[in-house]
Amino acid sequence: MDTFEVIISPEAKSQLSDYVRYIRCSLMNEVAARSVYYDAIETGKRLSLVAGSLAYCKDERLKNLGYKAIYFRHHQYVMIYRTVGQIAYVDGIFHLRQDYENLFARNNDL
């Protein structure tokens, strides 16, 4: 089985950090914040195994640029990524209640 190196962009790291900080500081739930963080780590590990096999994003702009999505197993978050060779580049992390494909496209001038 081919594995992928997973590289998480500074922007995606910042997004995850913002979600975790919001849960910890605004919602005052340290356990939930830690759980989301560990789910993100687990999702990255899964991504290293399945990056090449997941479906492309539905948004045509993202699809044409090769973007795919992987969903967190235990929380309502998603990583938007693209592959180049055996490297999976995670360029965004979003909550599923957001219009994440359009938000990602807008934030990246796509």
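Guide: Let's start with a term: a residue is buried when its relative accessible area is under 20%, exposed when over 50%, and partly exposed in between (1.4 Å probe, protein chains only). This is a predicted model, where local features need pLDDT of at least 70, side-chain atom pairs count only at pLDDT 80 or more, and totals for chains, interfaces and linings use all residues. Residues are numbered from 1 along each chain as its sequence is written, and side-chain values use heavy atoms, leaving out hydrogens and water.

Visitor: Is Asp59 buried or exposed?
Guide: Asp59 meets Arg61 in a salt bridge, 2.8 Å from N to O. A salt bridge here is a side-chain nitrogen of Lys or Arg within 4 Å of a carboxyl oxygen of Asp or Glu. Arg61 is partly exposed at 35%. With a relative accessibility of 13%, Asp59 counts as buried.

Visitor: How are α1 and α2 oriented to each other?
Guide: Helices are DSSP runs of H or I with at least four residues, strands are runs of E with at least two, and both are numbered from the N terminus. Helix α1 (residues 10-26) packs on helix α2 (residues 30-50) at an angle of about 160°. Axes are lines fitted to C-alpha atoms, for helices over the stretch in contact, and angles between N-to-C directions run from 0 to 180 degrees. Angles under 35 degrees count as roughly parallel, over 145 as roughly antiparallel, 65 to 115 as roughly perpendicular and the rest as oblique, so α1 and α2 are roughly antiparallel.

Visitor: How far apart are the axes of α1 and α2?
Guide: Two packed helices are described by the angle between their axes and the distance between the axes. For helix α1 and helix α2, that distance is 7 Å.

Visitor: Which residue does Glu30 form a salt bridge with?
Guide: Glu30 is partly exposed, at 37% relative accessible area. The closest N and O atoms are 3.7 Å apart, and the partner is Arg34.

Visitor: How many residues apart in sequence are the parts that Arg73 and Glu42 tie together?
Guide: The side chains of Arg73 and Glu42 form a salt bridge of 3.2 Å, N to O. Arg73 lies in the loop between β2 (67-71) and β3 (77-84) while Glu42 is in helix α2, so the pair ties together parts separated in sequence by 31 residues.

Visitor: How many salt bridges are there in the whole structure?
Guide: Side chains of opposite charge can pair when their charged atoms come close. Some salt bridges share partners, joining Glu42, Arg46 and Arg73 into one network. A search of the whole structure gives a total of 6.
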